[in-house]
Amino acid sequence: MAHRQERARPRRHGGHLPDYQQTYARPERERENFDVDGAIGLLDVVKTVKPTVLIGTSTDHGAFTQEVIESMCSQVERPIVLPLSNPTSRIEAMPQDVIAWSQGKALVAVGIPVEPFEYEGTTFHIGQGNNALLYPGVGLGTIVAGATHVTDGMLLAAAEAVAGEVDLTPLGASLLPDVENLRASSATVAVAVARRATEDGVATREHDNLIQAVQDAMWQPAYQD
C-alpha cells in the first residue's frame, strides 16, 4: 500500500469494487499521470506518487523489489518500509535486503521475528509489528478505567505509548519495543489508555495512583506450593 495524505473521491467503475476497497480507490483521472500502457505496477506508483511510506500486507512475497526501494530512496530521505506479511514465505521483502538496497536509509519494521544484523559497521535491530504490543495494554487500561467503550483517542494513545518506548536516535535502532518485554510494554500502554479514557469522558473509575492501579490489576504468574 502506498501512503498519501491527499485523498479524493474516486470515480467507481460500475460499482464493481467491494465496500472495503472503495475507501482506497483513486480517481480514474489520476491514471493520466502514469506513462504506462496496461496495468500499473507498484514501481510505477512509487515513481509517480512518490510515497514516503510503504505498508506491505499483501502476502505477495518479493513485492518490494530492489527497484522499488531504490526509487523510493531517490525521492525520500528516510523512507519507511513496513513489509508486514507473514510467515517469511509471504513477506514483501526481507529487512536485510531493504537496508542494503536503501544504503541504510530505510526505517524498517516487519511482521516476523528477525535477529539483529550488521550493515556497513552498524547493527540494525528490526522491530516486529506484533499486535501483542498494543492490545493487552488496551484491554488492561480499559478495565482499570472502567471505560464504557474504547474511543479512537484511547487507541491513538496506545499507539503513541508503544512508539514512545523506543529511542530512535542511534542508527539501526528498532522502531518498536522488543516483544520479549511485553509485560512492561503492556503496563505503559495501559496507563496511557486509562488516562485517555478519563480525558475522553468514558472512564467510570478514578485512581489516586494510576500506575499502581495498573500494576495491581496485572495477573502475576505466582502459585502456591
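Phe-117, Tyr-119 and Phe-124 form one aromatic cluster in this predicted model, where local features need pLDDT of at least 70, side-chain atom pairs count only at pLDDT 80 or more, and totals for chains, interfaces and linings use all residues. Residues are numbered from 1 along each chain as its sequence is written, and side-chain values use heavy atoms, with hydrogens and water left out.

A search of the whole structure finds 2 aromatic pairs, where rings of Phe, Tyr and Trp (its six-membered ring) pair if their centres lie within 6.5 Å, and planes under 30 degrees apart count as stacked, over 60 as edge-to-face and the rest as tilted.

| Pair | Centre to centre | Angle between planes | Class |
|---|---|---|---|
| Phe-117 and Phe-124 | 6.0 Å | 15° | stacked |
| Tyr-119 and Phe-124 | 6.3 Å | 65° | edge-to-face |

Phe-117 and Phe-124 are both buried (under 20% relative accessible area, with a 1.4 Å probe and protein chains only). Tyr-119, at 17% relative accessibility, also counts as buried, and the value for Phe-124 is 5%.

Turning to the helices (DSSP runs of H or I, at least four residues, numbered from the N terminus), α5 (residues 135-145) packs against α7 (residues 182-199) at an angle of about 45°, with the axes, which are lines fitted to C-alpha atoms over the stretch in contact, 7 Å apart. In the contact (heavy atoms within 4.5 Å), residues of α5 including Pro-136, Leu-140 and Ala-145 meet residues of α7 including Ser-186, Val-193 and Ala-197.

How values were computed: Axes fitted to C-alpha atoms, helices over the stretch in contact; angles between N-to-C directions. Helix = DSSP H or I, 4+ residues; strand = E, 2+ residues; numbered from the N terminus. Buried < 20%, exposed > 50% of the residue type's maximum accessible area, 1.4 Å probe, protein only.
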